[in-house]
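Let's take a walk through this model, one piece at a time. Have the sequence and the 3D view open as you read.

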Amino acid sequence: MINCVAVDDEQSALDIVVDYINDTPFLNLVAATTNPMEAVGILQSKEVDLVFADIQMPRMNGMNLVSLFDGRVKFIMTTGYQEYALKSFEYGVLDYLVKPFSYQRFLKAVNKMPFHMTLVDEAKTPVQEAAPVKREEFIFVKVDVKGKFHKVLFKDVVYMEAQKNYASIYMKDERISTNLTLSDLEKRLPSDRFMRVHRSYIISMEKITGIEGDEVLLDKVVRIPIGDTYSDDFTKVIEGSIFFKDKDSATLIDKRLTN
């Protein structure tokens, strides 16, 4: 298991690194901070193997951190500036990630750590309970502006719509366009909170306020069609929550949902 610290003076960039660390089984996040001076104290007092550090930060930049702790920990630099790459490698850093970088590129950098450190620790005893899995409550999506990511809270999303080669995310008072496809988003969304009901739509289950024939009503105003391909799965999800006065009514509604 690799103990990590992440430091970046830009909170949105820091959140992305933290998200990637939490998605990687053999990484353990010790601390994350936007203050490089705080990072110095953490590295002096805690057992750390790997640091993800931005280069351009106030008071103490990433290369200063490398100089201070050279040989004690490994560094992966995270920056929006390609020109510092050569200098970084002269300092002996493990890798150099140019923002925005994908999880796959992040993982490639981390895998340069010694192999034995990337193995997930086994439980010490048979009775040891597994730590609870951290539940994500948001994702970051890349928007039109180069290098800009928008934090999307799951609780705010009403639905998502495919728009040719990209997707729009609709919240109550805001719409975000991202270069991700609807399929890309579907892979990162929790299946107990979101469901694809149409080739062009993903809906928030929490925002359903009604079902009318082959349409879902969201927040009492938005109507989303239920596609034929997705109607069976949708019916299975909601059927346990639907109650009828008599069997004939139940049969009638069921036909309207599945036909």
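Start with a hairpin: β11 connects to β12 through 2 residues. This is a predicted model, in which local features need pLDDT of at least 70, side-chain atom pairs count only at pLDDT 80 or more, and totals for chains, interfaces and linings use all residues. Residues are numbered from 1 along each chain as its sequence is written, and side-chain values use heavy atoms, with hydrogens and water left out.

Pairing here takes at least two DSSP bridges between two strands, while helices (H or I, at least four residues) and strands (E, at least two) are DSSP runs, numbered from the N terminus. Phe 194 has Ser 204 in β12 as its bridge partner. Buried means under 20% relative accessible area, exposed over 50%, and partly exposed in between (1.4 Å probe, protein chains only).

Zooming out, the chain has 8 helices and 15 strands, and 43% of its 259 residues are buried. Of the contacts with a separation of 6 or more, 51% are between residues 24 or more positions apart; contact means heavy atoms within 4.5 Å.

Now for the open sheet. Its 5 strands run in the order β2-β1-β3-β4-β5, with parallel pairing. β2 and β5 (95-98) are the edge strands, each pairing on one side only. On average, neighbouring strands are turned by 20° against each other, direction ignored. β1 and β2 are joined by 6 bridges, and Ile 2 sits opposite Leu 27 in β2.

Helix α5 (residues 103-110) lies across β2, β3, β4 and β5, running at about 170° to β5. For such angles, axes are lines fitted to C-alpha atoms, for helices over the stretch in contact, and angles run from 0 to 180 degrees between N-to-C directions.

| Residue | Element | Relative accessible area | Contacts |
|---|---|---|---|
| Thr 78 | β4 (residues 74-79) | 2% | Asp 8, Phe 52, Ala 53, Asp 54, Ile 55, Leu 97, Lys 99 and Phe 101 |
| Ala 109 | α5 (residues 103-110) | 0% | Ile 76, Leu 94, Asp 95 and Leu 97 |

Ala 109 is also 32 residues from Met 77 in sequence, with 9.9 Å between their C-alpha atoms.

Finally, helix α2. Which residues of α2 (residues 36-45) are buried? They are Pro 36, Ala 39, Val 40, Ile 42 and Leu 43. Seen down the helix axis, these buried residues fall within an arc of 165°, so they line one face of α2. The arc is that of the directions from the helix axis to the C-beta atoms. Their cover includes β1 (2-7), β2 (27-33), β3 (50-54) and α3 (62-68). Over on the other side, Gln 44 and Ser 45 are exposed. At the start of α2, a side-chain oxygen of Asn 35 comes within 2.9 Å of the backbone nitrogen of Met 37.

Terms used. Polar contact = N/O pair within 3.5 Å; in protein donor to acceptor, adjacent residues only side chain to side chain.
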